[in-house]
Amino acid sequence: MRYGLPLIFLCLILIVSCQSPDPAQSVVDRAIAHHGAEAYNGFRMEFDFRDKHYVVVREKDIYRYERHQQDSTGAAIQDILSNDGAYRTINGQRQNVPDTTMSKYQNSVNSVAYFILLPQPLNDPAVKKEYLGEATIKGKSYHKVLVSFAQEGGGKDYSDEFVYWFDKDDHSMDYLAYLYYTDETGLRFREAYNPQRVGGILVQDYINYAPTDSTMAVTRENLVKLDQLFEAGQLKELSRIENKNVKVASPVSM
């Protein structure tokens, strides 16, 4: 009997050692390491997107996102989103904005920050990842990962779903696709281009595509095959997502 306990421990060790790591998590971790690694732990990023200026500050789990613009009269408008909530200022004066309107501003600012920080947000607590296998796009091999969100902590758009394609060799995130249900519905596919590493973080622009078949159902089944439609020339370019004048530095304060 005295040999029974060590035998049990040995069996447990063998069981644990034989368990395979989550492939989706492994792929995402390698991609985050490639795109920014330790630089994501604390930084201040500024950039221009379309006609607005953005500031993204992160210090581990603490964040502050800002959107700066001017209205037709020249008034300075700032939309601020942080751990403490969201609000708008005009010429430095905090405004009383209806919740429904502020929610739209908040979602817009958060969306811009989310996309420029990818793939780092893919390890947020609300993210659920599923490995879909390998795929080939333009002759290169990719890991394909499906991402969905838990309702708790997943935000207003928690029902949206994404697919990401990560280069098997260098772990870069070269393509992404998503379906969305909030306000409108649709399917989108994005191809990364113009990669630039600024302050240790890899920032990319994107060509934004949609299916040429405007009647295509907005379903997960169609989402996961958008890479095949892209290869077959069955997607049309809608726009370009270009982040200009990007600057990244270690944050001095929140």
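Predicted model: local features only at pLDDT ≥ 70, side-chain atom pairs only at ≥ 80, totals over all residues.
Let's start with some strands. Helices (H or I, at least four residues) and strands (E, at least two) are DSSP runs, numbered from the N terminus, and two strands pair if DSSP finds at least two bridges between them. Strand β2 (residues 52-59) and strand β3 (residues 62-70) are antiparallel partners, held by seven bridges, and R58 has Y63 in β3 as its bridge partner. Together β2 and β3 make a hairpin with two residues between them, and K60 in that turn has a positive phi of about 60 degrees. Then β3 goes on to pair with strand β4 (residues 76-82), again antiparallel, through seven bridges.

Now for the open sheet. Seven strands line up in the order β7-β8-β9-β10-β11-β12-β13, with antiparallel pairing. The edges belong to β7 (127-137) and β13 (235-241); each has a single partner strand, so one side of each is left without a neighbour in the sheet. From one strand to the next, the twist averages 25 degrees.

Zoom in on β11 (residues 186-198) and β12 (residues 201-211), which pair in the antiparallel sense over eight bridges. Here R197 has L202 as its bridge partner, and V198 stands opposite I201. The two strands form a hairpin with two residues between them, and G199 in the turn has a positive phi of about 60 degrees. On to the next neighbour: β12 and β13 run antiparallel, joined by six bridges, with Y209 partnered by E237 in β13.

How many of the residues of β12 are buried? The count is 11 of its 11, where buried means under 20% relative accessible area, exposed over 50%, and partly exposed in between (1.4 Å probe, protein chains only). In a regular strand the side chains alternate between the two faces of the sheet. In β12, I201, V203, D205, I207, Y209 and P211 point one way, while L202, Q204, Y206, N208 and A210 point the other way, and all are buried.

What about the helices? Contact here means heavy atoms within 4.5 Å, while axes are lines fitted to C-alpha atoms, for helices over the stretch in contact, with angles running from 0 to 180 degrees between N-to-C directions. Helix α3 (residues 99-117) lies across β8, β9, β10, β11 and β12, at about 25 degrees to β9.

Next, the inside. A nonpolar core is a set of buried Ala, Val, Leu, Ile, Met, Phe, Trp, Tyr and Cys residues joined through side-chain atoms within 4.5 Å. The largest one has 42 residues, and M45, F47, Y164 and F166 have the most contacts inside it. Helix α3 gives the most to this core, with seven residues. Apart from it lies another core of 19 residues, among them A177, L223, L226 and F230.

Finally, the rings. Rings of Phe, Tyr and Trp (its six-membered ring) pair if their centres lie within 6.5 Å; planes under 30 degrees apart count as stacked, over 60 as edge-to-face and the rest as tilted. That rule gives 19 aromatic pairs. F162 and Y164 are stacked, 5.8 Å centre to centre with 5 degrees between the planes. Y164 counts as buried because its relative accessibility is 0%. F189 and Y209 make a tilted pair, at 6.4 Å and 55 degrees. This pair links distant parts of the chain, with F189 in β11 and Y209 in β12, 20 residues apart.

Definitions and conventions
Residues numbered from 1 in each chain as written. Heavy atoms only, no water.
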